[in-house]
Amino acid sequence: VVVGDYTRVDKPRKIVNIDGRMGGPMGIAFGNNGMWAVADYSEHCVYIFDDQDQLIKSFGSHGAGNGQLNSPMGVTFDSNNYLYVAEYSNNRVQKFDVTGNHLLQFGGRGSAHGKLSCPIGITT
């Protein structure tokens with residue numbers, strides 16, 4: 001079980017064995033193929049696990065470029081197992097395939113149609 005505890009981001013706890021720990025797990029999503037993903041807020045990355053709970057991929061690095069993440073908080077899989085990541089500090093959503101390849105993004109800070117302000121959750 002992975003639980004995101006926002007009040008504990010400054011004091012990481014070992015939740016699953018991923019090179020020692022996750023820094024700040026926040027969002028969790030389950031794909032229709034048994035895979036699952038966790039957004040790590042403080043490590044600025046996403047972890048992908050298989051149906052045996054083994055880490056198969058992690059991707060992301062701190063930044064604002066395509067494929068980079070800044071405080072990801074929400075994740076979800078669509079029906080084709082593409083992964084969407086809501087980034088709190090970049091005010092956007094990015095779409096990735098399960099190998100971590102960046103496909104597109106939308107949002108950006110603002111109040112106009114299509115803009116976002118600190119998204120924390122996402123679902124399909």
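This is a predicted model: local features need pLDDT of at least 70, side-chain atom pairs count only at pLDDT 80 or more; totals for chains, interfaces and linings use all residues.
Close-up 1. Take a moment for Leu 104, which belongs to strand S8, residues 102-107. Leu 104 is partly exposed, with a relative accessible area of 36%.

**Close-up 2. The largest nonpolar core.** Welcome to the inside: this core has 13 residues. Ala 37, Val 46, Ile 48, Phe 59, Val 75, Leu 83 and Val 85 are the ones that touch the most other members. Two or more residues come from each of strand S2 (36-40), strand S3 (45-49), strand S5 (72-77) and strand S6 (83-87). Another core, of 6 residues, lies apart from this one and includes Met 22, Trp 36, Tyr 47 and Phe 49. In soluble globular proteins, nonpolar side chains tend to be buried together.

**Close-up 3. Val 46 and its contacts.** Here we look beyond the neighbours within four places in sequence. Val 46 is in contact with Ala 37, Val 38, Ala 39, Lys 57, Ser 58, Phe 59, Leu 69, Val 75, Leu 83 and Val 85.

**Close-up 4. Ile 48 in strand S3.** Is Ile 48 buried or exposed? Ile 48 is buried, because its relative accessible area is 0%, and buried means under 20%. Setting aside neighbours within four places in sequence, its contacts include Met 35, Trp 36, Ala 37, Leu 55, Phe 59, Leu 83 and Val 98. Ile 48 and Ser 58 sit 10 residues apart in sequence, while their C-alpha atoms are 6.0 Å apart in space.

Key: Residues are numbered from 1 along each chain as its sequence is written. Side-chain values use heavy atoms; hydrogens and water are left out. Helices (H or I, at least four residues) and strands (E, at least two) are DSSP runs, numbered from the N terminus. Buried means under 20% relative accessible area, exposed over 50%, partly exposed in between (1.4 Å probe, protein chains only). A nonpolar core is a set of buried Ala, Val, Leu, Ile, Met, Phe, Trp, Tyr and Cys residues joined through side-chain atoms within 4.5 Å. Contact means heavy atoms within 4.5 Å.
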